[in-house]
Amino acid sequence: MLDRISPLSIPWIVLAASVATLGGAYFFQYALGYAPCHLCLIERMPYYFAIPAALFAGLLSREANLGIGPVVLLALCAAAFAINAGISGYHAGVEYKWWPGPASCTGGGLVSNSLETLQAELQSGMRTPQCDKAPWTLFGISLAGFNFLVSLALLALSSLPVIRFRRDARGLE
């Protein structure tokens, strides 16, 4: 079951999915006008790490197998996606009102955190987006919820070479 996806294609799939996910976030921000909240911006950070790590893993891959370098890089990608699943799961829970979010970006939005922020908001006519309000949903799933699902899938995919490497090191089939 673990061998259905070619080991040499995994770094490239992780790279493509990471670029597509980050590109989708930028599309929602710049093309559709959905300003990201503070937690949304934090959720992008693991992708900033995973994109170059997956690229280097793909470039370092050997002809027959990945080798130890790419496996280590993909293990680091898996760790980044595990962290991102936690962050985006937390953010989705805040949006669905399952638990409170950070006080700095939730609540009524009546008071800004600083005078500079208030002045910038008044001049631009825009309010900083709140973390506890999902600006867009599809089938009841917010962007943070979709990011959670994508992060879980990329965690699983990035973990495959590590699992295979450990299996092969033990001599198990």
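**Core, pocket and surface of the predicted chain**

Cysteine 77 is in contact (heavy atoms within 4.5 Å) with Phe49, Ala50, Ala53, Ala54 and Ser158, residues up to four places away in sequence not being counted. The model is predicted, so local features need pLDDT of at least 70 and side-chain atom pairs count only at pLDDT 80 or more, while totals for chains, interfaces and linings use all residues. Residues are numbered from 1 along each chain as its sequence is written, and side-chain values use heavy atoms, with hydrogens and water left out.

Cys77 also belongs to the largest nonpolar core, where Ile10, Val14, Tyr47, Cys77, Phe81 and Leu157 touch the most other members out of 16 residues. Such a core is a set of buried Ala, Val, Leu, Ile, Met, Phe, Trp, Tyr and Cys residues joined through side-chain atoms within 4.5 Å. Two or more residues of this core come from each of α1, α2, α3 and α5, and α2 supplies the largest share, five residues.

The protein chain has five helices and two strands, taken as DSSP runs numbered from the N terminus (helices H or I, at least four residues; strands E, at least two). Their order from the N terminus is α-α-α-α-β-β-α. Among contacts with a separation of 6 or more, 74% are between residues 24 or more positions apart. Of the 173 residues, 34% count as buried (under 20% relative accessible area, with exposed over 50% and partly exposed in between; 1.4 Å probe, protein chains only).

The largest pocket holds about 530 Å³ of space. A pocket is an open set of points on a 1 Å grid over the protein atoms alone, where a 1.4 Å probe fits, with protein on both sides within 12 Å along at least five of seven lines; lining residues have an atom within 4 Å of a point. Grid points are joined across faces, edges and corners, and the volume is the space filled by probe spheres set on the points. Of the 25 lining residues, Ala25, Phe28, Cys40, Leu143 and Ala144 are the closest to the pocket centre. Helix α1 gives the most to the lining, with six residues.

Tyrosine 90 is found in helix α3 and, at 31% relative accessibility, counts as partly exposed. Tyrosine 90 touches Leu39, Trp99, Pro100, Gly101 and Pro102, leaving aside residues up to four places away in sequence. The C-alpha atoms of tyrosine 90 and proline 100 are separated by 9.5 Å, the two residues being 10 residues apart along the chain.
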